[in-house]
Amino acid sequence: MIGQGHSVAPKRLCHVAEIPDGTARGFSFGSGLDRREIFIFRRGETLYGYDNACPHQGTPLNFLPDRFLTEEDDAFLCTTHGAQFTIETGFCTLGPCRGKRLTKIELRVEDGTIFWVGA
Ligand code: FES
C-alpha cells in the first residue's frame with residue numbers, strides 16, 4: 001500500500017510469509033522520543049501499513065502483541081477507547097476520533113521481503 005510522505009532509509013521488516021493471510025504484525029524502532037511503531041496487515045498479496053498511533057490520543061492501537069483487529073476481523077481496533085478503522089484506508093468509522101485517519105506508511109516488497117520505505 002502506497003502511503004504519502006517523505007522517504008526514510010528502507011528498513012527490512014520481515015518476509016511476507018511471516019504474516020499469515022488475514023493477520024497483522026507490529027514493529028517498533030528506536031526508543032524514547034525517537035520511538036516509532038508501525039503495523040502491517042496482510043490480505044492475500046496485499047499489504048496495508050500504518051503508523052501504530054491512534055488519532056485520538058496518539059497511543060498504540062494494541063495492548064497485546066500483533067492484535068490489531070476487531071473480533072470480527074473486519075476493521076482495525078484501538079483497544080484504548082474502542083475506535084474502529086477501515087482496513088483499506090485507515091479511516092475511523094467509530095469512536096472518539098471518527099472522521100480522522102490512521103497514517104499510512106509506504107511499503108515495498110522485494111523477493112518476498114517487506115521493506116518500510118516511507119513515512
Ligand atoms: S486512544 Fe484510540 S480511541 Fe482513544
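**Entry 1, ground rules.** I am working with a predicted model, in which local features need pLDDT of at least 70 and side-chain atom pairs count only at pLDDT 80 or more, while totals for chains, interfaces and linings use all residues. Residues are numbered from 1 along each chain as its sequence is written, and side-chain values use heavy atoms, with hydrogens and water left out.

I looked up the nonpolar cores, a core being a set of buried Ala, Val, Leu, Ile, Met, Phe, Trp, Tyr and Cys residues joined through side-chain atoms within 4.5 Å. For burial I used relative accessible area, where buried is under 20%, exposed is over 50% and partly exposed lies in between (1.4 Å probe, protein chains only). The largest nonpolar core has 17 residues, and those with the most contacts inside it are Phe-39, Phe-41, Leu-61, Phe-76, Phe-85 and Leu-102. Strand 3 (36-43) and strand 4 (46-51) are the elements that give two or more residues to this core; strands here are DSSP runs of E, at least two residues, numbered from the N terminus. Another core, of twelve residues, lies apart from it and has Cys-14, Phe-27, Leu-47 and Trp-116 among its members.

Which rings pair up, and where do they sit in the chain? I counted rings of Phe, Tyr and Trp (its six-membered ring) as a pair if their centres lie within 6.5 Å, with planes under 30 degrees apart called stacked, over 60 edge-to-face and the rest tilted. By this rule I have seven aromatic pairs. One of them joins Tyr-50 and Phe-76, which are edge-to-face at 5.6 Å centre to centre and 70° between the planes. This pair links distant parts of the chain, since Tyr-50 belongs to strand 4 and Phe-76 to strand 5 (residues 76-77), 26 residues apart. Tyr-50 counts as buried because its relative accessibility is 0%, and Phe-76 is likewise buried, with a relative accessible area of 0%. I also noted that Phe-39, Phe-41, Tyr-48, Tyr-50, Phe-68 and Phe-76 form one aromatic cluster.

The largest pocket has a volume of about 240 Å³, the volume being the space filled by probe spheres set on the points, which are joined across faces, edges and corners. Its lining has 14 residues, of which Asp-66, Arg-67, Phe-68, Leu-69 and Thr-70 lie nearest the centre of the pocket. By class, the lining has six nonpolar, four polar and four charged residues; Ala, Val, Leu, Ile, Met, Phe, Trp, Tyr, Cys and Pro count as nonpolar, Asp, Glu, Lys and Arg as charged, and the others, Gly among them, as polar.

Cys-92 is buried at 0% relative accessibility, and Cys-54 is buried at 4%.

Is Asp-111 buried or exposed? At 80% relative accessibility, Asp-111 counts as exposed.

Arg-101, in the loop between strand 7 and strand 8, is partly exposed at 48% relative accessibility. The C-alpha atoms of Arg-101 and Pro-55 are separated by 6.6 Å, although the two are 46 residues apart along the chain. Ile-105 lies in the loop between strand 7 (92-94) and strand 8, and is buried with a relative accessible area of 0%. Ile-105 and Phe-68 are 37 residues apart in sequence and 16 Å apart in space, C-alpha to C-alpha.

Technical notes
1 Å grid on protein atoms, 1.4 Å probe; cavity = no way out; pocket = protein on both sides within 12 Å on 5 of 7 lines; lining within 4 Å. Helix = DSSP H or I, 4+ residues; strand = E, 2+ residues; numbered from the N terminus.
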